[in-house]
Amino acid sequence: MGTEIFERGLCIRTGTTYVLWSDLLHVLLSLIILVEYFLSNRPQLPSINEIKTNVSSLLGIQYLAPEEDDEGGDEHLRVDFFSLKTFYYILFLATSIFALVFYGYLFCFHMLHIVPRNQMLMRVLKSVTQNGVSLMLVALLGLIIIWIYSVAGFAFVRYAFDGSNGLYCETMFQCFISSIRFGLQEGFHNYVAVPDEHQSFRHYSLRMLYDLSFFIIFVTILMNIIFGIIVDTFSELRDLKWQTEEDMNSKCFICSRSSYDFEHYGKGFDFHVKQEHNMWAYLFYFIHLDDTRQNDYTALDLYVFRLLEKENYDFFPVNRALVLDDEGDEVEVKLDKLQTAINKILSKQEEMELMEIKKAQKERRDEFRAKNSKMRVSFAPPPLAEDNQSQASSGSTSQSRGGTPSSQNRPTSSTLTATAANKVPSNKK
């Protein structure tokens, strides 16, 4: 078969193997992908201070590295040479080269290159790798539990492991491997049978405790914990993606104001993000500052350039826009109207309370007068008959003379009291 392909010119011969031209093309494309990665990301080797810091941390020695000036200002965009991403692309080319020797079997590895090209698959992979430490600790706990059960199986139920069915348990290591293989699937109860010479209720009770405890602890609880960590991480990444898309569609990238504000106080959100706060206009302005000499800067250009050197972005109009300047005036007008309405309500409430107080005071005053009049009636002395006759005779004499009554003929206090007592019943009626 290889000779026929070689004769047709579809492959070249290297020793005893035949290499297709498509395989060489595959290697060339893998090399192009690796070069593209290095040119676009420019992975950097760790500095001497970083190496000293890492070595000191491994040895448990505290090392204070001197501060380094970041002239490029792109520390957050840096890609380390010794990173998983760089290792992946190097391995991508290496497997393509080794596939020429191992009959092309390693070419299947390159099908995984669809993962970094798809965001959905990246989130699925990140849901496993983001909480990798937690998953590793839970997996270590699972291996410890399996080791405990393998020790118990080697000590007590080694006779039930049949090597002809793949259940090897002649040594502790064999019991551990068999427990991992068959225990992770469904538990021991489906694979480790009970021999005929151990058919007793006591033996079945111990086997039930052994199999059921392993199924509950490992298969049910521990495996669900691992699945729960993965599912929760994936849901968090999905919510984060949804929140990011929501912010991109409903908030301005420059001023961070929501679309609701511009729909009510401007020409619309689309007009604002395309004309007033266009993020690409800001990017082009930064490129203009980078391409222009500092001697040609204006005062504004120099101010922005110095802020960018310090990674200070205070010149961005956060929560501010020219179209929203009238928003504050309208809000103040609404607040004034609301304050006026509140003052009117409070004044009316005060008037009503004042009227209630006056009404209560008037009722108390009338009640007090009534009680005072009753007390005067009860304590008034009775009038004398002789005094009344003398007063009547003196009054008639003074009237007949046509003169004013003298001070001697004025009514006494007893007479006034009697008169007031006679008027009280008439007022009540």
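Begin with α5 and α8, where α5 passes α8 in a right-handed crossing (the near helix is turned clockwise from the far one by less than a right angle). This is a predicted model, in which local features need pLDDT of at least 70 and side-chain atom pairs count only at pLDDT 80 or more, while totals for chains, interfaces and linings use all residues. Residues are numbered from 1 along each chain as its sequence is written, and side-chain values use heavy atoms, with hydrogens and water left out.

Select residues 119–129 for helix α5 and residues 201–250 for helix α8, whose axes come within 8 Å and cross at roughly 135 degrees. Helices here are DSSP runs of H or I with at least four residues, numbered from the N terminus, and the axes are lines fitted to C-alpha atoms over the stretch in contact, with angles from 0 to 180 degrees between N-to-C directions.

Next, show the side chains where the helices meet (contact means heavy atoms within 4.5 Å): in α5 these include Met 120, Arg 123 and Val 124, and in α8 they include Ile 230, Phe 234 and Lys 241.

Now select Cys 169 and Cys 175, which form a disulfide with their sulfur atoms 1.4 Å apart, a disulfide being a pair of cysteine sulfur atoms within 2.5 Å. The torsion about their S-S bond is about 80 degrees, so the disulfide is right-handed. Both Cys 169 and Cys 175 are buried, that is, under 20% relative accessible area with a 1.4 Å probe and protein chains only.

Finally, select Cys 252, which is in no disulfide, the nearest cysteine sulfur being that of Cys 255, 3.5 Å away. Cys 252 is buried, with a relative accessible area of 3%, and Cys 255 is buried, with a relative accessible area of 0%.

Methods: Helix = DSSP H or I, 4+ residues; strand = E, 2+ residues; numbered from the N terminus. Buried < 20%, exposed > 50% of the residue type's maximum accessible area, 1.4 Å probe, protein only.
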